[in-house]
Amino acid sequence: MGLNTTLGQTCPSPMKPTSNGLLQGDSPLDFALPLASLQICLVIVLTRGLAFLLRPLRQPRVVAEIIGGILLGPSVLGRSKSFLQTVFPSKSLTVLDTMANFGLIFFMFLVGLELNLKSLRQTGKKALGIAIAGIGLPFALGIGTSFVLRESISEGVDGSSFLVFMGVALSITAFPVLARILAELKLLTTDVGRMAMSAAAVNDVAAWILLALAIALSGSNHSTLVPFWVLLSGCTFVVCSIIIVPRIFNWMARQCHEGEPVKETYICAALAAVLAAGFLTDAIGIHAMFGAFVIGVLIPKEGPFAGVLVEKVEDLVSSIFLPLYFVSSGLKTNIATIEGLQSWGLLVLVILTACFGKIVGTIVVSLSSKVPLREALALGFLMNTKGLVELIVLNIGKDRKVLNDQVFAIMVLMALFTTFITTPLVMAVYKPARRTRVVDYKHRTIERKNSKAQFRILACFHSARNIPSMINLFEASRGIRKSEGIRVYAMHLMELSERSSAILRVHKARKNGLPFLNKGRQSDSDHIVVAFEAFQQLSQVSVRPMTSISSMADMHEDICITAERKKVAIIILPFHKHQRLDGSLEITRSDFRWVNQKVLENAPCSVGILIDRGLGGTAHVSASNVSYSVAVLFFGGCDDREALAYGARMAEHPGISLVFIRFLLEPETTENLVRVDEAENSSSQLRSTDEEVLSEFRTKVSHDLSIVYEEKVVRSAEETICVIREVSQGCNLLLVGRKPEGEVALALNKRTDCPELGPVGSLLTSSDFSTTSVLVIQQYGALLSLNLAPESQEDSPEDEDLESN
């Protein structure tokens with residue numbers, strides 16, 4: 001921003017866009033584009049670094065961005081004049097503020113897209129009462145506080161506009177930040193979350209209307225009629241938009257179909273409409289962001305059009321432009337202006353007033369609506385969330401000379417404090433039981449006495465890359481044809497992020513807070529769901545697609561809770577590495593390895609980790625064309641018996657041949673093998689259980705030509721590996737136990753590179769086995785290999801269907 005021309009001062013000359021380079025004597029920091037690039041990089045590094053440090057405290061990224069803006073401003077780093085004049089010189093602030101406001105316009109467009117008018121109309125009386133209380137009491141207290149501030153540190157400001165700005169600043173709830181906090185705490189689909197979101201949506205709309213009033217009152221023209229004409233023009237703009245905009249975009253939305261790309265013309269038209277609406281509202285005299293917000297609210301939310309718009313806009317806005325708004329705000333925030341006992345006392349007064357108005361008003365109305373005390377407290381703390389929306393109000397007030405430097409700094413610290421305390425306070429007073437135990441169920445393993453009972457699988461996947469092999473594995477697992485033979489829950493694992501598209505997906509979650517089931521509605525389907533639906537129609541397998549959106553730290557909880565609620569026998573997880581073209585395995589994302597390890601530790605049933613090397617190719621193989629060779633490597637122990645049980649089930653498929661390899665130690669051989677002392681009774685019990693299971697298996701398959709039973713006597717680990725390599729060359733899928741037992745398996749323990757796979761599974765990740773997929777299985781219950789629950793607890797499809805409603 002240019003400095004006002006005064007005696008001895010002149011406005012800084014405008015900056016040229018690009019330099020000729022250092023070699024020609026130009027400093028890049030004297031030119032707009034390179035300086036803006038440096039500023040953006042500095043902001044991104046600082047804010048993302050702070051967000052990483054605050055992640056253990058589960059703080060939303062907006063807290064880190066507010067702190068980052070303050071650190072770059074005159075409060076901390078900006079105290080160095082050389083830093084401020086080098087990195088943020090006054091002649092660059094016009095460009096910085098323009099980019100920041102450009103990002104703000106499209107951010108408000110995204111906020112409008114997150115708001116659903118249909119949901120707003122269906123707001124219940126409880127949520128409406130909470131919203132009114134959350135606006136009314138803080139607004140009144142804000143007006144009262146404004147009188148104290150005017151008498152002390154805000155003398156000479158326009159009274160009416162200052163009253164309204166203070167009322168809005170204390171009464172606003174940051175809807176976008178609240179949605180992210182609720183999603184992070186897994187409260188978005190609970191009763192508390194739904195009430196908070198509904199109340200915040202009403203609060204948001206009311207606050208923007210009040211802010212428009214405040215902006216109209218804060219104009220530089222002292223004529224009393226100007227604010228009236230500004231408000232009348234604003235209302236006319238809204239009415240015309242309601243009449244015109246939905247008609248145009250509803251037509252565009254009808255032209256967009258699931259599974260097909262949205263035309264670039266429609267995207268361009270929407271973005272141009274946002275800028276045009278911003279221009280009109282700015283010309284009227286209210287901020288350009290209001291026009292963008294109105295367009296976002298009026299765009300239809302049904303179909304893929306709104307989702308595609310969000311995906312096109314959100315990354316550039318949230319990663320590049322929006323952080324500049326926090327820097328722009330931080331450069332105006334000078335905490336040093338809060339000096340003396342009176343100023344710090346006023347800061348405490350503002351914080352207490354803001355918290356008291358929101359929290360107490362919400363709690364009182366909630367309790368009067370017969371909301372339980374814990375939920376009422378949680379609602380009060382949640383409605384006290386501020387964040388970016390608060391900064392928008394404060395910056396507009398600062399730009400219009402309604403708030404001076406000291407009041408602005410006090411209000412920014414208030415917004416930071418109230419947002420920071422929200423997550424810890426909600427976690428302290430409201431902790432819904434995440435792992436509530438359900439009625440115990442019998443079939444937590446594949447190995448079972450009643451082999452004809454329904455077989456339930458929870459198969460997780462990260463992306464479309466996992467789909468073909470997963471579908472071919474389902475086909476192989478269906479066993480004998482029967483109506484309720486197998487039921488598969490296919491769960492798409494998605495990381496919860498700060499992106500608006502992630503929040504929009506979470507909004508679709510089921511009412512009971514579980515990962516939501518895609519019911520087959522076309523509007524909710526994508527190509528992944530379509531693939532599973534097509535497979536279900538062509539096979540005898542019941543597949544129910546699901547989506548889980550969680551932070552990486554909590555993703556295993558969603559998996560384990562869903563497995564228990566759906567009473568599955570096995571969870572199948574994709575390995576955290578995928579196969580490259582040269583056959584080697586490349587890490588997809590290391591975080592997924594941690595998720596797999598946590599599931600193995602906490603799973604309520606058996607677990608399998610699939611090392612996918614293209615089982616059945618890159619497309620679904622129809623039942624009549626299935627021709628797989630499956631091999632089970634048996635060393636001993638409960639995990640190996642679980643692998644045997646899965647292999648025996650697969651062998652029921654007419655297109656699958658099974659090779660069973662049992663490894664035995666040559667009695668007289670002792671060298672090259674690792675031996676440990678074991679209790680005699682434990683060793684004999686293991687051998688006894690294994691022999692009993694194998695004897696029963698041999699009896700069942702003695703006349704089945706599709707099953708080959710072999711025993712391989714080995715003398716060393718090298719011989720064992722040679723046998724495994726030989727077997728793998730002729731099969732499509734290897735089934736192995738995660739923790740094989742016995743002396744032959746102990747010799748392989750030193751080769752364990754991936755603890756979650758065990759010694760044999762880790763061996764099979766090497767490039768020597770680049771053509772064979774591997775399923776590493778851990779049986780539920782460790783030594784308790786067989787479920788001994790009474791037959792009266794047999795699961796029925798009716799019970800499961802009742803749960804999923």
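This is a predicted model: local features need pLDDT of at least 70, side-chain atom pairs count only at pLDDT 80 or more; totals for chains, interfaces and linings use all residues.
Residues are numbered from 1 along each chain as its sequence is written, and side-chain values use heavy atoms, leaving out hydrogens and water.

**Strand S13 and its partners**
- Strands here are DSSP runs of E with at least two residues, and helices are runs of H or I with at least four, numbered from the N terminus.
- From S13, Ser-773, Leu-775 and Ile-777 point one way, while Val-774, Val-776 and Gln-778 point the other way.
- Strand S8 (residues 606-611) pairs with S13 in the antiparallel sense over five bridges (a pair needs at least two DSSP bridges), and Ile-609 stands opposite Val-776.
- Strand S12 (residues 733-737) pairs with S13 in the parallel sense over five bridges, with Gly-737 opposite Ile-777.

**Aromatic pairs**
- The whole structure holds 14 aromatic pairs, with ring centres of Phe, Tyr or Trp (its six-membered ring) within 6.5 Å; planes under 30 degrees apart are stacked, over 60 edge-to-face and the rest tilted.
- The rings of Phe-102 and Phe-321 have centres 5.5 Å apart and planes at 70°, so they are edge-to-face.
- Phe-102 lies in helix H4 (residues 93-114) and Phe-321 in helix H13 (residues 304-331), so the pair ties together parts 219 residues apart in sequence.
- Phe-321 is buried at 15% relative accessibility.
- Ring pairs also link Phe-634, Phe-660, Phe-697 and Tyr-709 into a cluster.

How values were computed:
Buried means under 20% relative accessible area, exposed over 50%, partly exposed in between (1.4 Å probe, protein chains only).
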